[in-house]
Amino acid sequence: MTAPDFTTGPIVSVRGLTKAYGGRTVVDHLDLDIAAGEVVGLIGANGAGKTTTVECIQGLRRPDGGTIRVLGLDPVQDADRLRPAIGSQLQESGLPDRLKVREAIRLFAGPDAVDADELLERFGLAHRRDYAFGTMSGGEKQRLFLVLALLNRPRLVILDELTQGLDPAARREVWASVTRLRDAGTTVLLVTHELDEAEELCDRVVAMRAGRVLDAGTPAELVARHAAAVTVRFGLPPGRPARELAEIRTLSGVVDVVRTGDQVAVVGDRSTIAHVGAWLVRRGSVPPDLRVEAPDLEDALLTLLEGPTHGEEAA
Amino acid sequence: MSTSTLTATAAPTRAARRHPSAGRRLLTTELRLIGRDPMTLTFVLVFPIVSMLIIGGSFGTEPDEVFPVNPSHWYVASYFFVVIGATGLIMLPVRIATYRERGVLRRFAAAGFPRWSFAIAQMAVGLTAIAVSGAALLAVAAPVYGVPAVEDPVQVGAGAVLGSVAFVSLGVLLGTLLPSARAAQAVGLMLFFPSFLLGVGGPPPAVMSDALAQIADKLPMAMANDVVRQGWLGLGDATGNLVAVAVMAVVLTALAARRTAL
């Protein structure tokens, strides 16, 4: 087979994708582009249409409307040519329990496969070659799926709920594996409702609700747009003059100051952290209970999900 | 705007030509796995042999008004079809339903295995299980009861091949229709044991009531077994049942192939 011809266009281009099950619209005129080398995360609540979207991109489901091009091909019409070029970690999929790791490698390795031993080594599975799939831990199974997904030099890797059901240590192992993919320039579409995972791994995230894109951008951009407020908390001894609170209010970036007993909460944008810190240092005493509550992607998504629905927007 | 594309497939490289195709890799793997499948070993290999040894020795070796031939030979000839029935009604439905339940088929589809490769692999798995277990059954029977000479090789061959294809296809079809491995096991056992007792490995038709004998005559497994047993023991022509089995084989194979396309 000739090598894929890479240029600068999107690896995945989705326009107006629509899919319904039994009259219930699951994906609703969705647009999505993924550039070469990007790690893009689809995030959203359960039932947002994330998995259906990637299944349409893989050609495992036939869209009701819209167009999809993956590496320039139609995922349904050109399934035979396209599927070997996509490495997949599918949600809730497995292998036969009695299939050994080395047999799984032989089964999935095409003629242009990479050195499987090197992959197994890289993903910490070299010592598991003769183990049956059913005897492996959850983390080992997920890492094996990653190995299989990467085996045939895929142009696009799709990872759906990669760390679902894994313990924290196993999750970290798998994250490290995806980070290595990103560093190697592999294009990855990651589907997750673990927002710390998306924040850790993705160059760009696409927030979905009811089959539509609510917003897209880098994790930092989404946080800035939808959950910008930072809260700096510290204690002030009783009896400190109200003048001090008034001073804090004048600091750049501060939006509000709330005093509850001897506790002060300063709310503002991210620059508030630096300005309040500097003010405390100037006063000559940094409170030992000083802490910062910075919003993350989860806060941003919650804000997005609490926003008006399409119908409400229209109204 | 330019796009990233997969270019047209050119002639395969020498390495690609040497590399086994995806369909062949799947077939090889599936054949390797049947030897590790407890359902196969229990119901397809061990159960027919043990049952044949027990019942084959229960009625002596002399023909009488119930058994038109040596009773041991009657059961040796009959139990070959127990292997076929167990493969089609128990082993394959459970195996395939388990694959579906665990998302193995989706993984095969997503990895780009050819559309018909899974159907072909399962047909091959079923036929291989029948061939190996059938040979083992006869190998065990030979020193104990002796293997009767085949009186009509054409009828026996046609019955065994068409019956195997029909029941393997039925097993593949059931595996794709039943929602879970447990459901497949329950339905498979419910289909297998009445057919086994009434039409293949249970009491001979001569001792059954008329009603039971009539029901037994209409069971697909009994019809297919009748073709093999009649031809094997020289008990008469079974062309009608052979045609019925051939029709079953064609229809079930078409349905099974359609349902298992990746």
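What distance should the 16 residues of helix 6 (residues 168-183) of chain A span at 1.5 Å a residue? The expected span, 1.5 Å times one less than the number of residues, is 22 Å, and the end C-alpha atoms are 22 Å apart, which agrees. Helices (H or I, at least four residues) and strands (E, at least two) are DSSP runs, numbered from the N terminus. The model is predicted: local features need pLDDT of at least 70, side-chain atom pairs count only at pLDDT 80 or more, and totals for chains, interfaces and linings use all residues. Residues are numbered from 1 along each chain as its sequence is written, chains are lettered from A and ligands numbered from 1 in the order in which they are written, and side-chain values use heavy atoms, with hydrogens and water left out.

The buried residues of helix 6 of chain A are A:A170, A:R171, A:V174, A:W175, A:S177, A:V178 and A:L181; buried denotes under 20% relative accessible area, exposed over 50%, and partly exposed in between (1.4 Å probe, protein chains only). Viewed down the axis of helix 6, these buried residues fall within an arc of 155°, so they line one face of the helix; the arc is that of the directions from the helix axis to the C-beta atoms. The face turned away from the buried side carries the exposed residues A:P168, A:A169, A:R172 and A:D183. Just after helix 6 of chain A, A:G185 adopts a positive phi of about 85°.

In strand 8 (residues 204-209) of chain A lies A:A207, which is buried, with a relative accessible area of 0%. Beyond its neighbours within four places in sequence, A:A207 is in contact (heavy atoms within 4.5 Å) with residues including A:I43, A:L222 and A:L301.
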